[in-house]
Structures are given as C-alpha cells and as structure tokens.
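Subject: A structure for you to explore

Hello! Here is the structure I promised to pass on to you.

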4 protein chains.
Amino acid sequence: MNTIGTALKLTVFGTSHGPGVGCVLNGLPPGLRVTEEMIQEELDLRKPVPGIGTPRAEEDRVELLSGVHDGRTTGTPVTMFIRNKDVDSSKYDIFRRIPRPGHADYPAMVKYGDAHDLRGGGQFSGRMTALLVAAGAAATQLLGTIGVRIAAYTQTVGGIADEKDHDLDDILRSRGNDVRAADPAKAEEMRKEILRAREEGDSVGGTVRCLVVGLPVGVGEPFFDTIEGEMAKMMFAIPAVKGVEFGAGFGAARMRGSQHNDPYMIKEGVVVTVTNNAGGALGGLSTGMPLVLRVAFKPTASIGKEQRSVDLVEMRDAHLRIEGRHDPCVVPRAVAVVEGASALVIADLCLRGGFIGKEPR
Amino acid sequence: MNTIGTALKLTVFGTSHGPGVGCVLNGLPPGLRVTEEMIQEELDLRKPVPGIGTPRAEEDRVELLSGVHDGRTTGTPVTMFIRNKDVDSSKYDIFRRIPRPGHADYPAMVKYGDAHDLRGGGQFSGRMTALLVAAGAAATQLLGTIGVRIAAYTQTVGGIADEKDHDLDDILRSRGNDVRAADPAKAEEMRKEILRAREEGDSVGGTVRCLVVGLPVGVGEPFFDTIEGEMAKMMFAIPAVKGVEFGAGFGAARMRGSQHNDPYMIKEGVVVTVTNNAGGALGGLSTGMPLVLRVAFKPTASIGKEQRSVDLVEMRDAHLRIEGRHDPCVVPRAVAVVEGASALVIADLCLRGGFIGKEPR
Amino acid sequence: MNTIGTALKLTVFGTSHGPGVGCVLNGLPPGLRVTEEMIQEELDLRKPVPGIGTPRAEEDRVELLSGVHDGRTTGTPVTMFIRNKDVDSSKYDIFRRIPRPGHADYPAMVKYGDAHDLRGGGQFSGRMTALLVAAGAAATQLLGTIGVRIAAYTQTVGGIADEKDHDLDDILRSRGNDVRAADPAKAEEMRKEILRAREEGDSVGGTVRCLVVGLPVGVGEPFFDTIEGEMAKMMFAIPAVKGVEFGAGFGAARMRGSQHNDPYMIKEGVVVTVTNNAGGALGGLSTGMPLVLRVAFKPTASIGKEQRSVDLVEMRDAHLRIEGRHDPCVVPRAVAVVEGASALVIADLCLRGGFIGKEPR
Amino acid sequence: MNTIGTALKLTVFGTSHGPGVGCVLNGLPPGLRVTEEMIQEELDLRKPVPGIGTPRAEEDRVELLSGVHDGRTTGTPVTMFIRNKDVDSSKYDIFRRIPRPGHADYPAMVKYGDAHDLRGGGQFSGRMTALLVAAGAAATQLLGTIGVRIAAYTQTVGGIADEKDHDLDDILRSRGNDVRAADPAKAEEMRKEILRAREEGDSVGGTVRCLVVGLPVGVGEPFFDTIEGEMAKMMFAIPAVKGVEFGAGFGAARMRGSQHNDPYMIKEGVVVTVTNNAGGALGGLSTGMPLVLRVAFKPTASIGKEQRSVDLVEMRDAHLRIEGRHDPCVVPRAVAVVEGASALVIADLCLRGGFIGKEPR
C-alpha cells in the first residue's frame, strides 16, 4: 500500500490535483534536528528549471503538521504537507475516455473504476516524489549522525553519457548545474539533448547513478530484506524507473568470476576491497565499500506529438495529443528523488540493524 | 527478515549445512491441490546437471510438514522441509579467518560474530533458493486457477546472447535442455561457454529473461508495492543477482518518448498495446500485456583459481584457493528459481488485489 | 508504532498541543461515500458535555486532506486533520519535573528524553482518540455496505451499574443522553455519580459495553489475529482502558462447561446459538451471533486533589496539584471511541477475510 | 495470520492430527544459548497431569530444525518441530456434520469449507499452545540476559479463589504442584474442584495471574503497540481465553481517581509507585513496576455430558456426546502457556525498544 519501511516507516498520501500531497514519517528517534527550512532546501533541488523543466509553477512549500517541536523531533510521527496550488484540471477529463500511452490512466481506471482521481495523474503523478525528497531530508539528517552520506547525479541523458565513475566530491559539485551532472562539460551536452527533445515535441530518458558512502559493514537484513532488494523496491516506486543495478550490474553477466570478484586488502588498518564490482553489497549486506547503484528512467510519457490510443467508451482506435505542462526529461529532477529515496531505505536498515540507536539524540 | 509477502507470506529457514532448509507458506486458500510430487518436479529442474553443475549430490527430497491433507491445502500454513544430506563442512573453517572474495563471509561475520554458521555459506548459500522453487510450485498452482502462467529462460551466458524475444511457447520448450535456453542452437553455445569457464578454473555470469502471461489488468499496489518493485525486491534475494529491468529497461534510458510509449489498440475486443516497451507495467500496475523482466547474475563467486584476500586474525593480506564443489555458472539452475520467485510475488499481489478469492476452491 | 491494521491501515499523528492531530486511513475501496459532515457527526458525539465534561472547548473541525473527491473515496489513502485551537500549555512544564500519578509523564520522559512533547500529555493525550472516532466513521460507512452495525453504551459509572443486557435498538437510543447510557433512568443516576466525583475534586471510572451485529460467520484470522485479539489490542490503545472481556468474560472462569457452552439451534433456517456466552466468537472467528465486549476504564488520572509524587531533579518526594481542565469521567465520551475503534478493527478483518470486496463500490 | 511480533517474529504451523506442530522464531540475536533440553523442560510443565489432565499421551519431544548450532543461536530463524504421535482421528468425522458447542468447528467449516482439517480441532486445538511454550522458552532465555523474569500461577478454578497477590518468589514455588497454584493449601482445593467437575462429566474454568518483573521503564510502543495491547492480543490467541485485565483491571472501573492513581516515591534512589493499580503500565509503557495481568479461561468446551447442537446436512436440531480425551480444566496447563506467551511479547517489545541489543551476545 502507501507505506514502506520497517523501523522507519513512511506513508505517503495525496494526489496531484487534490488539496495537497503529504506524508507521515514514523520511527525517527527523539531529539533529531528537523526544520521546515532544511526540508525546503532539498525540495528546491527537485524544482523544475526554466527551459528544461515543466512550466507548472508549484511553490512546494512544506508544512510540518506533527512530530517536531522547537526544531527537534519529539519521537512521534513527523507529518509533512505540501498544498497544491497551481492546479489546472480541465484538460484531464478526456483521458478517462482516451488513456494516455505510457501513463497509468488505463490500468488505474480498470483497478479503481470511476472513482479514480485521474486529474494530474492522481496518485500516479510524479508530484508524489516530492514526498520522497521531503521525508528523505529527515532521513539524511539522521544518517548524518553516523557519518553516512548520499549523493547522486545524472549519468546519462538519451545518448549523452558520462563514462567516468565519479566519487562523492565530484557529485556534490553537481548540485551546481541544472541537469545535475557531475561533469560540467557533460552537463551542457545533456542540457542540449533535453532541449532538442523538447523542440521536437518529444521527451528523452536517462540514468541516475547514486553513491552511499560511510556505511558500516553489515547493513541489510537477509534473507529477503537485502540492501539491494530494499533499495530496488523503493526505486521502482519512482514513476518512470525501468531498471536498477548495483556495482557492475548487467555488465557482471558478461564477466568471469576471476574478473568480477573483488579481492580483499588491508588499507590503513581496515578491510577494503581492491575493486568494487559488487557495488558495496555481498549476501545482501553492506561490505563497507560505497554502495553504488544505477537507475534507468524512461522518457517522460507526456509528449506534445500526436499519439495513437483507444476510445474506451466506443471501444475503437483513437488518437490524442497531450496539451498539459511536462518535463521533457525527468532525470535532472529525479536526482534529488533518488537521493531522498536512498536515504529513507538506508536509514530504515540502519535503524533495523541497530546501527542507529533508539535513544534520544 | 526471513519473511516476504503480504497476503501470501513466505518465511524461509535453515542453512546449507544444518539439519536442512525449509519454509512456511501462509495464505494459500483452502482446497488447492498441492502434493510433494508436484513440488518435487519443480525442484528437479533446479538440480545441477552433470558437467555444467556442481557435483554436490543433494537429493533435495521435500517433505510437507503441515498445511496439506489428502493432497489439498487446509487453509493453514504449508510447511516444506528438505533435509541436508551430502554435507562436507570440513573445508569451511579457514574462511572465518580468510574470507572468500565475492561471498558474504566477511560482512556476515562482522554482523553475526562468532556465532555465524559459515558452513557451506550458511544462510547465504544458494541452497536456500530451493525454497523459492518449492514454495513457488504452490504459488504457480494457485496462479493456474486464474490462468496466469510464468516461464523463464537463460538469455545470455557470458558473451553468448540469445537476441530473440521468445514467447511463452518457445520458453516452455527450454525445459528440455541443460542450460534452460529457449533456442536449442544457442543452448549448445552456452553449454560450451560454461565448460570453457570451468576448464579455466573460473566461472561465468549471465542473464535470465522471464515472462508472466495471462495477468489481469491492475495487479500491483501503489504507491510503494508496485508490481516491478515487489518483483525486484524478491529477485535481489536470490544470491548473485546484480540487476533487474522491465521491458525496455536500461535501453529505455536511451529512447525518446515517441519511441518508448506503447500505443493502445483494440484487438479482438480487448485493449492491448502495439509494442510492450513498458514490459507489462504502468504506474506499478499490470497492463494486461505480458510482464517481462530480465535478471542479471554475476559469475559464481567460488572459483578454482587462487585469489587475493586478507587474514582477519593477523590483519594482513593473504591468498586462498577454494577447494569446494561449485557450479561454474548458476544461470541454468537459476531459471527455475526466477520462475518460482516470480510466482510467489505475483500470487501475493493477485491475492492482495482480490484477483484470487479467499473462498475454498 | 502509530499504525494498526492489515487491509485497512490506520496511522495516527499529532499531539495535544502541537499544530493538530490527524490520521491516514489506507485501504478503503474506491467509491465509498465519505464526507466531512459524516465524520463531524460522529466527532460531535465525543465532545465534552457541559457539567460532566472538560471545559476545554475544542471545535474539533475535521479537514479531509486527501483520498476523497466529490464525496467519494478515490482508492488512495484518506487523510483527516483536526487543528488544535484552544491550547493552554503553560501549566505543563512542572510535570517534566514532578510527574503526574496515573499519567504517562514519567515513563514517556524516560523513553523519549528531553525531546518529549509533554504539553497536554503530548501523544498520550485522550485527544488522540478523536482520530479513532473520525477514522471509525469511514469504517462504519464501509461496514454498512455489508449490513454490519456497531453500537456501544455506558454500562457502569463507579458503583452505578446497568445490569440489563441491552440490544442494538436500546443502545441506539443511548445517543440521546449525556452519559450515553442505554436506560434513561440509569443515565440520571450515572450523571449524578459523575457530578459527585467532580464536586469532591475527584474522578470516577466505568465500563463500556459494545455490540457488533450483522457479522458474517468466520470473520477473524487464526492463529494470532483473532477477532478478540485484534479488538483487545485496539481497545488498549485507548488511554485509561484496564480490561477487556468478551461474552461471559471473567464470569466464564467461574462456570461449568455445561453452563457456558452455547448450544446450537436452527432459527428461521439459520444456525444460531441459544445463549451467547461466547460473545460471538469461537476459535477467534465470528460465529454469526452478536460480538459482545466489555471495556473497563479507570478513573481519569487528572484530579483536583493534591497528590503525592516525586521531584525528578532533586530525586526526593514531592506533592502536586493539577490545575488543568479535565473530564471527571471519561466513559461518556469513550463510548464513541469504542464504537469507532471497533469499526476500524471489524472493517479491517472483513476486508482481510474477503467479506468486503476490493472492487469499486 | 499465523505470525506475530515485529522484532521477534513467531510463525506457528501444524494441526492437532497432522504430521506435527511447529514454529519459526525469527529475530533472536546470534550467540544466545538455546538447546532442546532447555525447551523440553518448559514443555514438560504443560504436560497433562494424571487425574486432572487429558489421558492423551503426547511425548511432545521438540526437534530444532534450524537456527541453532552447537547450542547457540546463529542469527538465523530458529525452527522447532514437535511430531504428533498419539493420534486418534476416528471420532472427529461426525463433528463436520454436528458441530461441537463451544468449539471452532462451525465457524471454521464455514470459513475454510470441506478442506478444513477438523481432526483433533485442527489448527484450533489447544495443542498449538505447546509452540507458545517452546518458543517462549527461547524468549525467556533472551529476557534473562537483561534481568527480566516472568512467572504465572493458577489464581482461581471455578469458585475456588486465591485472594492473595503473590509475588515472584511465591509463584516460582507453584511449579511444584499439579494445578500450578501459588499457595499449597489452595492447590488442594483447586484439585478437588477439577476432579469434581470431571466426575460430573463436566469441565470448569479459572483464571491465571502473571507477573513480569525486572522490566526497564518505557517498554511498549505507542500509539497502538502498547504493552497491554500487545500482551492482550497474544493472550486471546490462546484458545479458551475470554478476558484480560491489567492491575486493578475491571475493579478500576468502580474506583475513584484518588484511590486508583499510584503515587510516586523514591525508594533506594529509584522512582517507584506506592501502589500498583496500574499493573505496571501507563500510556502503554512499562513503569518499572511489575507488569501484572489476569487472564480468564472458560471451562473446557469438550464435556462428557450430552449437548444440544444441529445437523448441518439436514439442517435440523440434533444432540451429540463427545467421546474424545480432554482436560476437565485447562488452567493448570495454561499457566506455562501464559508464561511463554508473555515472554514472547515482552522480548519482542524489548528488542523493538532497543532494550536488548542486536549485537552477538
């Protein structure tokens, strides 16, 4: 349902064009510094950038409805709410009859019937991901208390790929550019690729690479709640995600064991691996090396071009053209979402594993 | 922990060299035909094949300890147990001191301490996947009652790839060959690739492609319990999995929206899509088209070649050579595991969504 | 944590003196009629009555933040929020140092530390029970679709007991009087008992009896999620509850089997029991007879009389007198809470058991 | 379903006359001493005593199928299995047609249909409670590491009541007598009451009182997972339980606040309460005082006397006489069950609250 997590439980609610979107985050220890400003800062990273983003101008102002008193968590659930403001629902009625390709319109109407709130995509809107960013900001704060840091960046946009395996410092610099690339030169190429798609009335996909560094050894809960499995499940909750891989990922399938196995070595008194094809996880447990994941995003489903669909009332073929406001590429905005989503999963597993205490901090 | 699923809950237990491995499957409606023979048939598909598989000769004889009476489920939890027989634990003691690269030895010992049962890999052994096959056989049986069928095959082994997108009938034929390929010509090439790796004292990775056909529209539970997310989480519980993708997957990241969006059409009075880049899921819900996933497996971690590691007692670099018995490639045996694991997830979601009733059948 | 339920999941948040209290109710099928007016009507039944209730004058105006569109559920989580208005936190600071007997002050401060929001009792305030009433109103609406009705009444206040086993019609009449008694004559006696306690600067306890009628046979999920167990767990979440019993309850412990066993008979073609000592449940499953439970409430912990306590800073004995505003007896207001809480549990179990479908209604 | 607990998860399986009954206990930290002997010792306390117990002569020999190696937990799930041996199913067929009053036969057959395994009561048999004792033995062992001890005794049998509020030492002595009374003189009276019921072809109910001492302050998880609520839910899973109360319990409903509130005092530098009407819990959290609960058991449903029932095939009134083997009073055997069940709940909450670490012990 709309809840994820075991020790740190997140419940999201709301729809794109209802009163707002919000979430309840349960399990934060008491005494953690959490403020609206801190959350807002992360939310702003998800805002559309003029030119490459949607013109929908949501202020995305978060309000803390519970769980924080005098800037610190009280040990009760933290509720965040973002009111919807710039709502234009008029254009969505037709999609109840002629579902948009690539969107959830058709399966959602079969599942929920007439009562489905399709306006703005309803619960299937990318707008819901603001909540992963907002709640993720609190999780990030919690992880900071044990020295865990998370950073992601745009690795590819369409055919433009940044081949270098950037480290944390590189990535943190990506916060400075519109497409959230780690390499400024690539950023410009990616930006052009997005604009090109937009000009064609089209959209383009891409990938996000994410690093989690500073993890203790042994985070993850076998047999099923592996660090990779929990991360992957969360990633697939982000609309438009089509694939997730760790370390060498699909490339590992083409390797020999002697190439892929990461040899151990002692470095400054600590056990590390020489390479990190495992991407920081073995047996579903963190190894102490950076957790490395790549997430594939499909091109935005809403495009300006005319598309083929069906008329569900008359049960015949039909065409439609989508007039709404959309991002020609979700990837730059998705970077903050992948970061927030990762923080939520890792914080949950760290709490579950006892790596973060339950005592007041 | 060791439990997965909401309406169909699976708990696995046991270790590679303990008394045995087993599972409890809870949530099967009463009156479903389930027998030891039926489960055994699936388990036999996971057995190592002479030449390309490990020489460990487990009989893998399943015993039903509860939940079935006169060949039908009673509505109480179904417990399956497979006793371990061909156990040789002598060779594992050294890995407590010198952990094997690519295995869970090191993080598991940090997490569980001295009490960790490392023999045969303990709970991190591939042997645990027999339980996904066994429990999956019951889930498959349940899915059959609503016409859902699942089939997987070996799509690549190392550099040998079967480029054709096989359909269900093709795949079912794969049960006839050792490597579980869908194309007999490719099967032979893959077999040779595996033997080549073995001769070199090495191992090789590969990918499994899986199809779920006959799904009703709307299977999956937003926001977090998407059909892709639930499948992915389960797949990462299978040791050696490094990546999961649906439909166009990572390829979608290189596409334009106009290419990737699957147009709707009416076919024999039913809404279908012309293409299936989505891989059968939109908004986390099944679309009615086949669910298509690809799973990447790394090469087997145990190889005959000498490897670099560390001595955890003396905290210095060390080398080790693994003498045990292993599969040079896990992919052929993993096909049955992916099928069983998929059946468990899909049956759970179908029960949750009310697509399968709770009444006696 | 702050979440309960399996198929119908309720998460509550907020504190007595924070921005407000609220809840997320997840699992209501799409298309169910739910309005703010409908919820408000139930909430008003929990309001304090002049004379026998607290003078804290909360308007308790509920706002629907999500999940309802045009007066019908959309199939996404329903969020309700009640802003706190009449807040006077000034008197609570001293209780951090000198905890109030009978309140959660002391254990909560040990558990949550300085960050605990003790104002108004924080999360331990009776104010949280408004959420059980509000969410319960939606659950009641859902249960109505399958003909299940719930009603409770004040059975005893201090020494004043209503010995008659009232049926549903009797009870529904109780909505008309201040103390929520089922017998108007007893109502007056109870009212006097409450006023007597108040005049003495004291408080008084009592019991609530609740009936659930129209239940299908077989509601409840063995082995642990029995209908009695789920009801009891929920009841103990209501502050001040000290005991829960079903049917003959503690009286059954003094009976012989030949007295206690309820014989079966056929009545108008239906299997019923002659008596209902079981209180409508056998083996954790509903029998089709009315589910009957009794809930014991302790006297309100806040009393005007001086009480003995300790000074936690100086670690010495101390005395305190509570000046705030309180109910001399919570029982009349608790009747609506027991009804709402029961509706939530029964609706959850009915959804779990497939007695209510998931299809749009 | 058949699973309970959050950090310490118990899944029970099996039926009275199937291959056996068993359970999986998940969440025990690695390195805890657990042996078959230790479990057996507790199981033996639940065995029927000649004269006052059933003549069914089950050996109840527990086998550890997983999770323990060399007498210590490994950190993986602990599976226990007890094979059924002395099974006589012949007498149960008639109850499919003429359900036994006071048993789950009728609702279970409506719920599960023909496939319901009614032999020996199936999953509704008191035999399942052996698993609470067995798993409870491991939980008790875990609680011992933080100094928490649990003891229960028979407080009443029919009209014979032991009015004294016994403390832990008194109770531990109860292990020495057949009826598990805390007072030897009462034990003899209770024994006679049981024999009297048996001679009349009848049965008799009673109550168990249970103490948990040594609890840290703050055990329990608001809002719903209160220490009382979690305990109560577990207790109602024990067949025949009709009521649960804490501290003053139902008696509190007749009290004034000034009587019921437990004043705080400092004793040997520790905050304690002068009285313990709260029964060791406030706001759902442990106070540090002994947790005190009372559990009401109905008289055994199976009695020798002829009873009135119905014929479900011909849908007419009928009579039946039960010939099987039964306990005339379940209370003496239930004492060990209440202890084990309590240990499971308390251990789960202690793990959840961080009162017991996850590190190897």
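Let's begin with how two of the copies are arranged in this predicted model. Chain D can be laid on chain A by a rotation of 180°, with 0.0 Å of shift along the axis and an RMSD of 0.0 Å. The two copies are thus related as by a two-fold rotation axis. Both copies use the same surface, since 100% of the contact residues of chain D recur in chain A.

Next, have a look at where chain A meets chain B. Here 102 residues of chain A are in contact with 102 residues of chain B. Together the two chains bury about 8,000 Å², and 63% of that area is on carbon and sulfur atoms. Which residues of chain A lose the most area to chain B? They are Phe223(A), Phe224(A) and Tyr264(A), which together account for 12% of what that side buries.

Charged side chains also link these two chains: there are 10 salt bridges between chain A and chain B. One of them joins Arg256(A) to Glu200(B), with the closest N and O atoms 2.4 Å apart. To locate this pair, go to the loop between strand 11 (241-246) and helix 8 (257-260) of chain A for Arg256(A), and to the loop between helix 6 (184-199) and strand 10 (206-213) of chain B for Glu200(B). Arg256(A) is buried, with a relative accessible area of 15%, whereas Glu200(B) is partly exposed at 39%. There is also a salt bridge between Glu200(A) and Arg256(B), again with 2.4 Å between the closest N and O atoms.

Over all chains, the count comes to 127 salt bridges. Some lie within a chain, such as the one between Glu59(A) and Arg61(A), at 3.8 Å from N to O. Are these two residues buried or partly exposed? Glu59(A) is partly exposed, with a relative accessible area of 40%, and Arg61(A) is partly exposed too, at 44%. In chain D, Arg61(D) and Glu59(D) form a salt bridge with their closest N and O atoms 3.8 Å apart.

Now for a sheet in chain B. It is an open sheet of 5 strands in the order 1-2-3-7-4, with antiparallel pairing. Strand 1 (3-4) and strand 4 are its edge strands, each pairing on one side only. Strand 7 (residues 78-83) is joined to strand 4 by 4 bridges, and to strand 3 (residues 20-26) by 6 bridges.

Last, the cysteines. How many disulfides does the structure hold over all chains? The count is 0. Take Cys210(A): the closest cysteine sulfur belongs to Cys350(A) and is 14 Å away, so the two are too far apart for a bond. Cys210(A) is buried, with a relative accessible area of 0%. In chain C, Cys350(C) is also buried at 0% relative accessibility.

Enjoy looking around, and write back with any questions!

Technical notes. Residues are numbered from 1 along each chain as its sequence is written. Chains are lettered from A and ligands numbered from 1 in the order in which they are written. This is a predicted model: local features need pLDDT of at least 70, side-chain atom pairs count only at pLDDT 80 or more; totals for chains, interfaces and linings use all residues. Side-chain values use heavy atoms; hydrogens and water are left out. Copies are superposed by least squares on the C-alpha atoms of residues with pLDDT of at least 70 in both. Contact means heavy atoms within 4.5 Å. Two strands pair if DSSP finds at least two bridges between them. Helices (H or I, at least four residues) and strands (E, at least two) are DSSP runs, numbered from the N terminus. A disulfide is a pair of cysteine sulfur atoms within 2.5 Å. Buried means under 20% relative accessible area, exposed over 50%, partly exposed in between (1.4 Å probe, protein chains only). Buried area is the accessible area (1.4 Å probe) that two parts lose on being put together, summed over both. A salt bridge is a side-chain nitrogen of Lys or Arg within 4 Å of a carboxyl oxygen of Asp or Glu.
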